[in-house]
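Please keep the sequence and the structure in view while reading.

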Amino acid sequence: MRQIAVVVDSWDFPFNGTVVSSRRFVEALSDDFDVTILGTAAGVEQPDERMVQFKPLRFPGLSGIFDRMKVPLAIPDKSLLRSTLSKSDLLHIQFPFFLGWSALGVAKGLGLPVICSFHVQPENMLFNLGIRSSLLAKILYKFLIAAFYNRVDLVIAPSEFAKQALVSSGLTSSVLVLSNGVPKRFLEIPEKPRSTRKQSFKVLSVGRFAKEKCQATILHAIAESKYRGQIELTMIGAGPLETEMRDLANSLGLKVFMGSVSDDELVQHYAEADLFLHAGEIELEGMSVIEAMAAAKAIVVSDSKDSATGTFVTDVHARFQHGNADDLSAKVDYWFENPDERHAAAIANRRQAEHITHEHSVALLQSTYHSLCSQQRVDAELLNEQ
């Protein structure tokens, strides 16, 4: 069985899309590959037994930000990396930070094939540091491409939007567009029947409570809706801004459910929702939006130029001007007032999501792993013959 090493610093902290998608892929591939996780389990009572643990980064100012985001980073240990990777057939880097950079250097020295997934947008990092600068974002793109993406055998981008962001910034490595894919359980949610206006209109939003998710826009939009008294808003997630969002909802006089739920409860919330909202400014794919589409829900997403979610829809009522609560409120009111159109959009969304299943993505990644491992073996044999 092939030995795959995967760098996911915060593997035991499943509070963001990168960790969630990484976990899904590892579990799906566990019958075909022996996977070792490289990361940190600081503060976790029972770390994953597949993990090779590295000490957490403690750097004044910086580590506090990552702690609040529930994304602890690991400090590399080259001797530990070397002993681990010497038993591996391939390295897959999910987090392009200190541990990933050091692991890449060790893997290159050992002649291992290396894949690096593009999960972290420079805009995302800067935004969480309170910095808005297109110039700094461009510099960060150049740095990440030089330090990681142009040094690996293959880059995985979760969407065509993500691929173009890299290529336009100087990527020369091979790149594969591979969606994180939507799990079957969302596609199996029963379609809601056509309905007329009703007393209760369930609106759902899913995502970390963080700056780039812009949940404040959603709260202001619901507060301004003509139908706010009939809207039941649910916001599922965890993150550094959860308390701030709760306080805002209270100040606006809104009754909102906020917090984390189990996987089964999440599916149930999707099943019960009438409309799904996503106000995020920065998204390389937007898994929660794809899940909502698979669950046969009408959606409204931001038209932010730094987000892939706007590419999912063409209906003008399914996109709102980024940051404009009045515009989002008008879109919410439209879908409330037009149940037939809402039902038609929901069915069309599901048909679109059926083409980006997790099963298909797993099969493609499995094939990619085997191909790179086989090529590495051929190259090694040719080198030995010379």
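Two strands are said to pair if DSSP finds at least two bridges between them. By that rule, strand 6 (residues 154–157) and strand 7 pair in the parallel sense, over three bridges. The model described here is a predicted one. Its secondary structure comes to 15 helices and 13 strands.

**Overall form**

- Along the principal axes, the C-alpha atoms fill a box of roughly 75 × 45 × 40 Å.
- Of the 386 residues in the chain, 55% are buried.
- Among contacts with a separation of 6 or more, 68% come from residues 24 or more positions apart.

- Seven strands form an open sheet with parallel pairing, in the order 3-2-1-4-5-6-7.
- Strand 3 (51–53) and strand 7 (175–177) stand at the edges and have a single partner strand each, so one side of each is left without a neighbour in the sheet.
- On average, and with direction ignored, neighbouring strands of this sheet are turned by 25° against each other.
- In general, the strands of a sheet pair through backbone hydrogen bonds, either parallel or antiparallel.
- Valine 155 has valine 175, in strand 7, as its bridge partner.
- Helix 4 (residues 98–110) lies across strand 1 (2–7), strand 2 (33–39), strand 4 (90–93) and strand 5 (114–117). Helix 4 runs at about 160° to strand 4.

**Helices 13 and 14**

- The axes of helix 13 (residues 325–337) and helix 14 (residues 339–353) come within 5 Å and cross at roughly 100°. Helix 13 is therefore roughly perpendicular to helix 14.
- Helix 13 contributes Tyr334, Trp335, Phe336 and Glu337 to the contact, and helix 14 contributes Pro339, Glu341, Arg342 and Ala345.
- By class, five residues of this contact are nonpolar and three are charged, with no polar residues.

**Histidine 317**

- Histidine 317 is placed in the loop between strand 12 (298–302) and strand 13 (319–320).
- Its relative accessibility is 25%, so histidine 317 counts as partly exposed.
- Leaving aside residues up to four places away in sequence, histidine 317 touches Val300, Lys331, Tyr334 and Trp335. Tyr334 and Trp335 also belong to the contact of helix 13 with helix 14.
- From C-alpha to C-alpha, histidine 317 and leucine 126 are 30 Å apart in space, and they are 191 residues apart in sequence.

**Threonine 18**

- Threonine 18 is found in helix 1 (residues 17–29).
- With a relative accessible area of 10%, threonine 18 is buried, because buried means under 20%.
- Threonine 18 touches Gln94, Phe95 and His119, not counting residues up to four places away in sequence.

**Residues with positive phi**

- Cysteine 214 has a phi near 55°, which is a positive value in a residue other than glycine.
- Cysteine 214 lies in the loop between strand 8 (201–206) and helix 9 (215–224), and is buried, with a relative accessible area of 14%.
- Alanine 296, although not a glycine, has a positive phi of about 65°.
- The loop that holds alanine 296 lies between helix 12 (287–294) and strand 12. At 5% relative accessibility, alanine 296 counts as buried.

Terms used
Residues numbered from 1 in each chain as written. Predicted model: local features only at pLDDT ≥ 70, side-chain atom pairs only at ≥ 80, totals over all residues. Heavy atoms only, no water. Axes fitted to C-alpha atoms, helices over the stretch in contact; angles between N-to-C directions. Helix = DSSP H or I, 4+ residues; strand = E, 2+ residues; numbered from the N terminus. Parallel < 35°, antiparallel > 145°, perpendicular 65-115°, else oblique. Contact = heavy atoms within 4.5 Å. Nonpolar A, V, L, I, M, F, W, Y, C, P; charged D, E, K, R; others polar. Buried < 20%, exposed > 50% of the residue type's maximum accessible area, 1.4 Å probe, protein only.
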